[in-house]
Amino acid sequence: MNNSDDFCVKEFRNKEKRIIFFGSIHSRSIKQINSIKEVIFKLNPDIILVEGNYHLANFKSKEESIEKGCETGYVSFLAKDKKIDLESNDPSFSEDISFVEKKQGKEICFAYFFLRNKNPNFSEERILKNIKENSLWKDFDYSINNIKKIVKDLLHEDYKADKDYSNYFNPTIKITLFNDITFELSKFRDDFMLKKIKEILINHNKIFIIKGVYHLNENENKIRKLLENVK
């Protein structure tokens, strides 16, 4: 699979329709933020499809959006500021949880999303609460102590609150089971995105999509074929 350490922008078009796909790096890079702004202003899209649940976010300023949501947070803020239609290109968090839980069981699913969503902007308690609200497993132990137990049993290491676990969720490498889960989850998310694009193309001619560059690399040919079949 193709991976990249930098963002990438690709344009797809036919006679009537244009799609700009901004394959992003999840960061607060000013270079990337400026590029996003330039591309959006140049395209003047009918609609923006943003990664994750950032279509639901309400940031008070550009600075807050970048600090709390990196490039996807900024896109959400910009779309709402400019009154551009904004939707998610991802399934809901509860759908992601359901997908992983069915394949791996509750405990692995619980640890997977807890470690994946660790973020300096969010407390452990907030992450645990979010998982609980979106899974609703009866009589399940949604605690840090359970996280510590699962991490020890599954990864054979101690849970560390200050550790950067991001490499465990890179679908292009193999360190733990979590890398394999991310690969499968990425395909699930991409299938949702492609269906979403197909629906959006019916009533929109200019679409801006932002999602991690991995997803652009994996779906470039599929998006091109989608446009070929749209009149």
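Leaving aside residues up to four places away in sequence, Lys 160 touches Lys 118 and Tyr 165. The structure in which this contact is seen is a predicted model, and Lys 160 sits there in the loop that runs between helix 6 and helix 7. With a relative accessible area of 49%, Lys 160 counts as partly exposed, because the exposed class begins only over 50%. From here one can look across to Ala 111, which is 49 residues away from Lys 160 in sequence and 13 Å away in space, taken from C-alpha to C-alpha.

The packing with helix 6 can be followed in more detail. Two packed helices are described by the angle between their axes and by the distance between those axes. For helix 4 (residues 106-116) and helix 6 (residues 144-155), the angle is about 105 degrees and the axes are 10 Å apart, which means that helix 4 is roughly perpendicular to helix 6. On the side of helix 4, the residues that meet helix 6 are Glu 107, Ile 108, Phe 110, Ala 111, Phe 114 and Leu 115, while helix 6 contributes Ile 144, Asn 146, Ile 147, Ile 150, Val 151, Leu 154 and Leu 155. By kind, the residues of this contact between helix 4 and helix 6 divide into 11 nonpolar, 1 polar and 1 charged.

Aromatic rings give another way through the model, in which a search of the whole structure finds 17 aromatic pairs. One of them joins Phe 93 and Phe 113, which are edge-to-face, with 5.4 Å from centre to centre and 80 degrees between the planes. Because Phe 93 lies in helix 3 (residues 93-104) and Phe 113 in helix 4, this pair ties together parts that are 20 residues apart in sequence. Both Phe 93 and Phe 113 are buried. A further pair, Phe 99 with Phe 188, is stacked, with 4.4 Å from centre to centre and 10 degrees between the planes. This pair links distant parts of the chain, for Phe 99 belongs to helix 3 and Phe 188 to helix 7 (residues 177-203), 89 residues apart. Phe 99, at 18% relative accessibility, counts as buried, whereas Phe 188, with a relative accessible area of 26%, is partly exposed. Returning to Phe 93 and Phe 113, ring pairs link these two with Tyr 112, Phe 169 and Phe 178 into a cluster.

The last stop is among the strands. Strand 5 (residues 206-212) is mostly covered, with 6 of its 7 residues buried. Which strands pair with strand 5? Strand 2 (residues 18-24) runs parallel to strand 5 and is joined to it by 7 bridges, and within this pairing Ile 20 has Phe 208 of strand 5 as its bridge partner. Strand 3 (residues 47-50) also pairs with strand 5 in the parallel sense, over 4 bridges, and here Ile 47 has Ile 207 of strand 5 as its bridge partner.

Notes. Residues numbered from 1 in each chain as written. Predicted model: local features only at pLDDT ≥ 70, side-chain atom pairs only at ≥ 80, totals over all residues. Heavy atoms only, no water. Buried < 20%, exposed > 50% of the residue type's maximum accessible area, 1.4 Å probe, protein only. Helix = DSSP H or I, 4+ residues; strand = E, 2+ residues; numbered from the N terminus. Pairing = 2+ DSSP bridges. Axes fitted to C-alpha atoms, helices over the stretch in contact; angles between N-to-C directions. Parallel < 35°, antiparallel > 145°, perpendicular 65-115°, else oblique. Contact = heavy atoms within 4.5 Å. Nonpolar A, V, L, I, M, F, W, Y, C, P; charged D, E, K, R; others polar. Phe/Tyr/Trp six-rings, centres within 6.5 Å; stacked < 30°, edge-to-face > 60°.
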